[in-house]
Amino acid sequence: PPAHSRCDWIGPPDRHSHLRPVIFYAPAEESALERRLREARQEAQASNQRFWARHNRAFRQEKEEFIYSRLKAKGLEMRDESGQKATLNAEEMADFYKDFLSKNLEKHLQYNRDWYKRNFRITFLMGQVALVRALRWLRRRKKNVEQ
Amino acid sequence: MSAARRCRPPRALAGLFVWHLRNTDVRQIPCQFMHLYHVANDRLITFQYFNFLKRMYVTQCNKDLSQRAKPKSDPIVSPFHELQQLDQEKKVVHKISPVSAVHQLWSEASSRNKWGELKSAAETKDSGIPVGAESKEDRRWKEMKLRLDDLPGILARLSKIKLTALVVSTTSAGFAMAPVPFELTCFLLASLGTGLASCAANSINQFFEVPFDSNMNRTKNRPLVRGQISPLLAVCFAASCGIPGIALLTLGVNPLTGALGAFNIFLYTCCYTPLKRMSIANTWVGAVVGAIPPIMGWTAATGSLDAGALLLGGILYSWQFPHFNALSWGLREDYSRGGYCMMSVTHPGLCRRVALRHCLALIGLSAVAPVLDITTWTFPVVSLPINLYISYLGFRFYRDADRSSSRKLFFCSLWHLPMLLLVMFTCKKSVLEKEDKGDLPRESPETAMEIRLP
């Protein structure tokens, strides 16, 4: 994003977490409330990024391991004659998906709680900031009208 | 359906597929490509067929859904699940290892077959060429500034407008089936109120699910995920739709309908959405969410909760299961990775059993309709073929448990419901008939009005 820009910028999805990173703009005259909002958003972004990057990496890795072990059990190689990676069909993968989901359920429950709390807090702060800005704008207009 | 299959999809779409496949590094086996091609065809055909059905069925109106006639339902459950835009395919793949790419593409394809985003289907159909440019656009950094001309489109996607339209059409079906003289103002108020309530519920759902939506292919392009709108605005929009919607229902129609609307919003946003990540019970809750709109339509017309309303709700409730379970069969990888507790992942046997069970229940419920004096006896007879067909597909799905049977069942459910409701409407027992038989006390128009406007 260009240096002179006065708003936040959002980028393409991250390779690992699939989340879109945001670069927050911090104006010089940022109030304490606005700073709290920006920091809350940055923290949430960082926490989400960590969680999903790690989770997706684990998924990919465990999936590879699962496929490898299944293929070995069947006596096949990872790559067939044409050099393409051998895959398992959906029914065989179903066992892996079920397993992975149940293993990670606890982790997800905790993440959900965390995410909901953050989401509410950020939205509430946004509301406060918007309200403050609106009042300020109204006060300025009143002053202009009076003058 | 066979007639529709003879339609030729636009060349542009096929071209897109080829372009897409060439652009990925995945080496596709030719038969895989053909499969995708057919899937694309199917989707378009479904879309065309659907449009036809929609127009046919429009005594009323038309998010989703993505995933059944689940109003305000979440993407998964309601029939009205959102379709993925074609350009999503492109972005998907370079991030994913070749092994999973095949599954990924298929799951995308199947998710695209959902009834929801007909709009995006139209967009991608119309804008065949710019799709390539879109994916490049997506890779750029964008300002998080709200543009007013984009706002209607963004809000439409936020509220899953297509799903909402379908929900409103089930409400209209409920209204139409009620054994009272048709009242236009009441009908319009009920439809509008339900539509607003549905928009609100869908927006809150998207507000809650941002990081999960980013990780699932079907939902990657939602406005909150892309940062096109701030969470605050999404909540304000939801409030500004929901509060007037419920108020309209309570004051303009009747308090019972308003209460049902509010309850449905609560059920969808506060029960179904969190429950999706906690237990498989979410599917049953979601089916109830889908069943309530026709009940709302009925209560809007009659002002009371009769057996007829419950029957209509029951039909929608039963319909949700074959629809959703068949759909979720193809999305198991995304659900597993995203942390969603769905029957298709954790209890696959149960998933198929439940789908079959409810297909059969539909036959039973259709037979109950004339007993309750809602329709004539021609209804179970005429609807028997389509109910038997969906039960047959449900049985095939139960026995084979593979993606072709799940897809067949899903597509069948898409046309089965509108057709069933249409047949029901045409077989509706006329109010005059009942009055002549002395079953109903003669209602004067004024008393009818009194019931509806407290």
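Ala401(B) lies in the loop between α20 and α21 (403-426) of chain B. Its phi is near 55°, a positive value in a residue other than glycine. This is a predicted model. A search of the whole structure finds 19 salt bridges over all chains.

**Positive phi in chain B**

- Ala401(B) has a relative accessible area of 9%, so this residue is buried.
- Asp373(B) also has a positive phi, about 70°, and is not a glycine.
- Asp373(B) sits in the loop between α19 and α20 (378-400) of chain B.
- The relative accessibility of Asp373(B) is 23%, so this residue counts as partly exposed.

**Helix packing in chain B**

- Helix α9 (residues 161-177) of chain B packs on helix α15 (residues 282-302) of chain B. Their angle is about 40°, and their axes are 6 Å apart.
- That angle makes α9(B) oblique to α15(B).
- The crossing of α9(B) past α15(B) is right-handed.
- Helix α16 (residues 307-329) of chain B packs against helix α19 (residues 348-371) of chain B. Here the angle is about 150°, with the axes 8 Å apart.
- Angles over 145 degrees count as roughly antiparallel, and α16(B) and α19(B) are therefore roughly antiparallel to each other.
- The crossing of α16(B) past α19(B) is left-handed.
- The loop that holds Asp373(B) comes between α19 and α20 of chain B.

- Glu43(A) and Arg118(A) meet through their side chains in a salt bridge, at 3.7 Å from N to O.
- Glu43(A) belongs to helix α1 (residues 32-74) of chain A and Arg118(A) to helix α2 of chain A, so the pair ties together parts that are 75 residues apart in sequence.
- Glu43(A) has a relative accessible area of 49%, which makes this residue partly exposed.
- Arg118(A) is partly exposed too, with a relative accessible area of 21%.
- A network of salt bridges links Glu43(A), Asp114(A) and Arg118(A).
- Lys74(A) forms a salt bridge with Glu92(A), and the closest N and O atoms are 3.1 Å apart.
- Glu92(A) is in helix α2 of chain A and Lys74(A) in helix α1 of chain A, so this pair ties together parts that are 18 residues apart in sequence.
- Glu92(A) is partly exposed, at 22% relative accessible area.
- Lys74(A) is partly exposed, at 47% relative accessible area.

**A buried salt bridge in chain B**

- Arg222(B) and Asp213(B) form a salt bridge, with their closest N and O atoms 2.8 Å apart.
- Both Arg222(B) and Asp213(B) are buried.

**Nonpolar surface patch in chain A**

- Leu131(A), Leu135(A), Trp137(A) and Leu138(A) make up a nonpolar patch on the surface.
- Together these residues have about 440 Å² of accessible area.
- Leu135(A) is part of helix α2 (residues 90-146) of chain A.
- Helix α2 of chain A also holds Arg118(A) and Glu92(A).
- Leu135(A) has 44% relative accessibility, so this residue counts as partly exposed.

Methods: Residues are numbered from 1 along each chain as its sequence is written. Chains are lettered from A and ligands numbered from 1 in the order in which they are written. This is a predicted model: local features need pLDDT of at least 70, side-chain atom pairs count only at pLDDT 80 or more; totals for chains, interfaces and linings use all residues. Side-chain values use heavy atoms; hydrogens and water are left out. Patches are made of residues with over 30% relative accessible area and no salt bridge: like charges are joined within 9 Å, nonpolar side chains (Val, Leu, Ile, Met, Phe, Trp, Tyr) within 5 Å. Accessible areas come from the Shrake-Rupley method with a 1.4 Å probe; for residues, only the protein chains shown count as cover. A salt bridge is a side-chain nitrogen of Lys or Arg within 4 Å of a carboxyl oxygen of Asp or Glu. Helices (H or I, at least four residues) and strands (E, at least two) are DSSP runs, numbered from the N terminus. Buried means under 20% relative accessible area, exposed over 50%, partly exposed in between (1.4 Å probe, protein chains only). Axes are lines fitted to C-alpha atoms, for helices over the stretch in contact, and angles run from 0 to 180 degrees between N-to-C directions. Angles under 35 degrees count as roughly parallel, over 145 as roughly antiparallel, 65 to 115 as roughly perpendicular and the rest as oblique. A crossing is left-handed if the near helix is turned anticlockwise from the far one by less than a right angle, and right-handed if clockwise.
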